[in-house]
Amino acid sequence: MHPELRATPHWQRTDNAFFPVVAQVDGAWWVLRINSFPDHPLWTLFVDGTVRFDVDDAPPAWGEPASRKAPALAKDVERAVLAPVEGFVAYGSEVGDPCDNPFCCG
């Protein structure tokens, strides 16, 4: 089991449509990528730029990652936090196998 599933992140919104929320947990930056659901899992979690796992439903400890009530992340921080994952927009790109299906990832 992934230890991240039991953590309680405090999500912050970004202006990035592909990586809409981030949280700093124990000094590490978590970034959630939203995927083309249901063709792919709903979320992919990256921790400090490294892919960890996919989830369809956020675990209860995570609350509602996509909540509009989450505070916005400062722009300068957003750029720095998203820089390590900005090349991983397509599902699977983080493992060298980006989805190229025009119906879900095109």
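**Figure 1. Ring pairs join W11, W30, F53 and W62 into a cluster.** The model shown here and in the following views is predicted. By the pairing rule used, the count of aromatic pairs comes to six. In one of them, the ring centres of W11 and W62 lie 5.7 Å apart with the planes at 70 degrees, so this pair is edge-to-face. W11 belongs to the segment before β1 (12-13), whereas W62 sits in the loop between β5 (50-55) and α1 (75-82), so the contact ties together parts of the chain that are 51 residues apart in sequence. W11 counts as buried because its relative accessibility is 7%, under the 20% limit. W62 is likewise buried, with a relative accessible area of 2%.

**Figure 2. F46 and F88 form a stacked aromatic pair.** The two ring centres are 5.9 Å apart, and the angle between the planes is 5 degrees. F46 lies in strand β4 (residues 43-47) and F88 in the segment after α1, so the pair links distant parts of the chain, 42 residues apart. The two partners are described by their accessibility as follows. F46 counts as buried, at 0% relative accessibility.

**Figure 3. Strand β3 pairs with both β2 and β4.** Six of the seven residues of strand β3 (residues 28-34) are buried, and the strand is thus mostly covered. Strand β2 (residues 21-25) runs antiparallel to β3, and five bridges connect the two. Within this pairing, A23 has W30 of β3 as its bridge partner; W30 is also a member of the aromatic cluster of Figure 1. β2 and β3 form a hairpin with two residues between them, and D26 in the turn has a positive phi of about 50 degrees. The pairing of β3 with β4 is also antiparallel and comprises five bridges. Here V31 stands opposite F46 of β4, the phenylalanine whose ring stacks with that of F88 in Figure 2.

**Figure 4. C99 and C104 are shown with their sulfur atoms.** The model contains zero disulfides by the rule applied. For C104, the nearest cysteine sulfur is that of C99, 3.5 Å away, and C104 is in no disulfide. C99 counts as buried at 18% relative accessibility. C104 counts as buried as well, at 12%.

**Figure 5. The largest pocket holds about 180 Å³ of space.** Its lining consists of R13, T14, D15, N16, A17, P20, V21, I34, W43, A66, S67 and R68. By residue class, this lining divides into six nonpolar, three polar and three charged residues. Among the lining residues is I34, which falls within the span of strand β3 (residues 28-34). W43, another lining residue, falls within the span of strand β4 (residues 43-47).

**Figure 6. T50 of strand β5 is viewed together with P84.** The C-alpha atoms of T50 and P84 are separated by 8.2 Å, although the two residues are 34 residues apart along the chain. T50 has its place in strand β5. With a relative accessibility of 48%, T50 counts as partly exposed, because the exposed class begins only over 50%.

Key. Residues are numbered from 1 along each chain as its sequence is written. This is a predicted model: local features need pLDDT of at least 70, side-chain atom pairs count only at pLDDT 80 or more; totals for chains, interfaces and linings use all residues. Side-chain values use heavy atoms; hydrogens and water are left out. Rings of Phe, Tyr and Trp (its six-membered ring) pair if their centres lie within 6.5 Å; planes under 30 degrees apart count as stacked, over 60 as edge-to-face and the rest as tilted. Helices (H or I, at least four residues) and strands (E, at least two) are DSSP runs, numbered from the N terminus. Buried means under 20% relative accessible area, exposed over 50%, partly exposed in between (1.4 Å probe, protein chains only). A disulfide is a pair of cysteine sulfur atoms within 2.5 Å. On a 1 Å grid over the protein atoms alone, a cavity is a set of points where a 1.4 Å probe fits but cannot get out, and a pocket is an open set with protein on both sides within 12 Å along at least five of seven lines; lining residues have an atom within 4 Å of a point. Grid points are joined across faces, edges and corners, and a volume is the space filled by probe spheres set on the points. Ala, Val, Leu, Ile, Met, Phe, Trp, Tyr, Cys and Pro count as nonpolar, Asp, Glu, Lys and Arg as charged, and the others, Gly among them, as polar. Two strands pair if DSSP finds at least two bridges between them.
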